[in-house]
Each structure stands twice: as C-alpha cells, then as structure tokens.
Amino acid sequence: MGLDEYREIIHRCFRCGFCKLTTDYNWRGFNCPEYNKFRLESYSPGGMLWLSYAAFVTGELKPDNHLAEILYSCSMCKNCAQSCKFKFGDMVTEMLRKTREEIVEKHPELVPAVVQKFLKNVYRYGNPYGVNSSEFKSIEKIPGVERYSNQEYLLYLSPISYIEPSAYESAHSLAEVLVKLKISFGIIGPDEICDGNEVLMLGDSALFDYVKEKNLEQFKKMNVKKIITFSPHSYNAMKNYYSMDEIEVFHYTQIIYDFLNKGKIKFNRGLNKRITYHDPCFLGRYNGIYEEPREILRSIPGIDFVEMPRNREKAFCCGGGGGNFYTDMIGPGENAPSRVRVREAEETGAEIIAVACPVCKLMLENGAQGEDSKLEIKDISAILLELL
Ligand code: SF4
Ligand code: SF4
C-alpha cells in the first residue's frame, strides 16, 4: 500500500507549521531537526507532505533527485507527529515514511546513492557497513558471555555493536553489567544480522520483510523466548513490526529498572557528577519509555541529575534516525542536530550526557567533537559498570 491510502487525509495538512515549533514557542530553534538545519519550508514536515501529495498523489509535480534528497533528510524522529494537533497528527511520520516507499518502489533511480549503498549492504552483508561477519569484533571474550543456548534471554546487540568502536564499547559494558547482575543470557555473535528498523524507515519494506523473516527464522531455530535489545532501533522493529506473539522483547533499561525496583542493584560507590539524559526517539516518542532510564540514573548515589529544556516527548533528536547516522543526509555544520543537542546539554552545566542508544552515542560524540566540547557521552550501562 502506497501513499495513496492517505489520499483523504494528507491534503488536510494546511502547512500551519505548528509541528516544527517547540511547544513553549520560546526555544531559539525548532523541533524538527531537518527544518532547523535547512530553514526552508520544503524541508519542514508540512512542506514535505505537500510536495509528496503533489508528486505522488495528484501527479502535479514530477519527482526528481532533489525531492528525494529532501525526503531522505528527515530523521524520522516523530517530533512532528507529537506536535501536530490535528486528528491525523500521529500519522505524520508514517505518511513521511510512505513517501520513501513511493520512491523505492516506483522511482528507484531517485534513491540517493548513499541510501542505495545502505540498503545493498544490508541485503548482501546483513549490516549497513558492508562488513563481513568474519571481521566482527568479539564480545564473547568477556568472562561469562556465551553464545545463546536456551538461557533466559537472548541479548540482541545489533551489528553496529560488532563494527563501530563506540557502540562496541557500550555493548561490551552492557554485557559485563548483565554478567554482574547474574542475568542468564546469551548472544548470537557474528551470525547476527540487522534488525531492519532503518531499512523500514528508509522505505524499503520488501527488504525489511526479508530481514525480519531471517531474524525470526533464527530466533525460532534457537528457541528464543525473551530478547533484550541493546539498541532502541532494534527494540522498535521487533516490538512493533515483527509480530512475535511467543517472544517477549525488552530494551535493556527496562530489565535494569526491574532489577532496581526489586532491590537487586547494589552500588559499590557513587558518582559526584552532574548528568543529563538524552531521550532516543525510538525509545521515547516511538515506545513511551521515558522514566526507566531516568530512574536508573537518579538511583546512583551522589549524582546531580538535570534535564535539558527539551526532554521526554519534546526531546530534540540527535539526527541519527532514519539511517542518518550512516547516510548523513542532514549533513554537518553548526546546525547539525547533534551539535544543537550538545549545546543544549552544555547549557545545563552537565559533565556527562547519558544515552541509552548506540546511534545517539555516535551522533552526540560527533556533535561534541564539532563543538569542541568537553562533555562526555556515556551509555547508561557504561556508567553503571564503573559503580557496581
Ligand atoms: S502536519 Fe499538522 S502541524 Fe504540521 S503543518 Fe500539517 S497540519 Fe500543521
Ligand atoms: S520526523 Fe523529525 S525530522 Fe522528520 S519531519 Fe518530523 S520532526 Fe522533522
């Protein structure tokens, strides 16, 4: 089903622009990271919907490379869907995703080269980087970490953890934390393939189905009953698009929060630092998990936890969603979303930005580098590991 299924509602967007504004109308920038970067109506949620309506529904506009570039510069952060006050508001991001499906299915020649590369790599190698699984970094060297063989949980790390050094470091910490908490888990190892979340967000639903089926086959063969995901992107794909009736899926912060509630987490020492937390879009806006990561951080003795002005459902995206951590269609510069977010965190006086997503970590590390900032970007699991 293409964008046409939204024919009756898409034209009701009357470009009021509400969705790109911050809800207190008082912030110096905009909610939509894409609009905030380009500052052109065509790059705003309403602008993109209108262009897509003309191009893919009425046919008044001929789709071209420039239109595709505009549509692929959206990070699928869902901030617009949260802000639009109309009845169809919560469908805005889904409609934007459908515009990409139109491009992939009916105008494949317009798919930007870097997006094509992402999709081809996932098909051929099972990961967007085009890295052979024989080159994956090993997580099994950690004492207590084994391949999955009927343990209580499968820890699904996402290929980014086996390839990107920054994500590997956090995945390593998470595995160590789970060992310390005596949680029964196993990993897939180098046979792990992409969860497909970004493939779906980039509009290739056929490739998403292929990846999903391969993962489901593997889970079935391994007799998996419960999955802990490291990345919110994996959590979103598996929770909302895999239709797994017999397998429960959790994000790791939910599991740790549960342990905390049961009094099973004992800190050996505290941390006298000011910390803020950046909400990952695929954990927060897409799945409503806002409090668990905060409660974990607040439980650390000595910590001074501060919020950024834009937090929870209003959090400003790091710019890495919708495959942007790899395709970088939003591009660099002072208004790159990750740099905007780092500046926002700096204003709180925090020394650390805590994250719960390997993509956010990667993006914010780049943002901190661009801003020449001393802020540390740390996954919650890495913070915990030093204290348990
Ligand atoms: S999506 Fe909603 S808030 Fe945004 S321009 Fe259209 S009607 Fe206005
Ligand atoms: S999903 Fe995010 S980046 Fe895309 S149009 Fe909406 S607010 Fe902008």
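Ala, Val, Leu, Ile, Met, Phe, Trp, Tyr, Cys and Pro count here as nonpolar, Asp, Glu, Lys and Arg as charged, and the others, Gly among them, as polar. Keep that handy for this tour of a predicted model, where local features need pLDDT of at least 70, side-chain atom pairs count only at pLDDT 80 or more, and totals for chains, interfaces and linings use all residues. Residues are numbered from 1 along each chain as its sequence is written, ligands are numbered from 1 in the order in which they are written, and side-chain values use heavy atoms, without hydrogens and water.

**Stop 1: ligand 1.** Select the residues around ligand 1 (a heavy atom within 4 Å of it): among them are Cys-13, Arg-15, Phe-18, Gly-46, Cys-84 and Val-92. This shell splits into 9 nonpolar, 2 polar and 1 charged.

**Stop 2: the space ligand 1 takes.** That space is the second largest cavity. A cavity is a set of points on a 1 Å grid over the protein atoms alone where a 1.4 Å probe fits but cannot get out, and lining residues have an atom within 4 Å of a point. The second largest cavity holds about 120 Å³. Of its 17 lining residues, pick out Cys-13, Cys-16, Gly-17, Cys-19 and Gly-46, the closest to its centre.

**Stop 3: the largest cavity.** The whole structure has 4 cavities of 30 Å³ or more, and the largest has about 150 Å³ of space. Now select Ser-158, Ile-160, Asp-195, Glu-198 and Phe-325, the closest to its centre of 15 lining residues. By class, this lining has 9 nonpolar, 4 polar and 2 charged residues.

Technical notes
On a 1 Å grid over the protein atoms alone, a cavity is a set of points where a 1.4 Å probe fits but cannot get out, and a pocket is an open set with protein on both sides within 12 Å along at least five of seven lines; lining residues have an atom within 4 Å of a point. A molecule sits in a cavity or pocket if more than half of its atoms lie within 2 Å of its grid points. Grid points are joined across faces, edges and corners, and a volume is the space filled by probe spheres set on the points.
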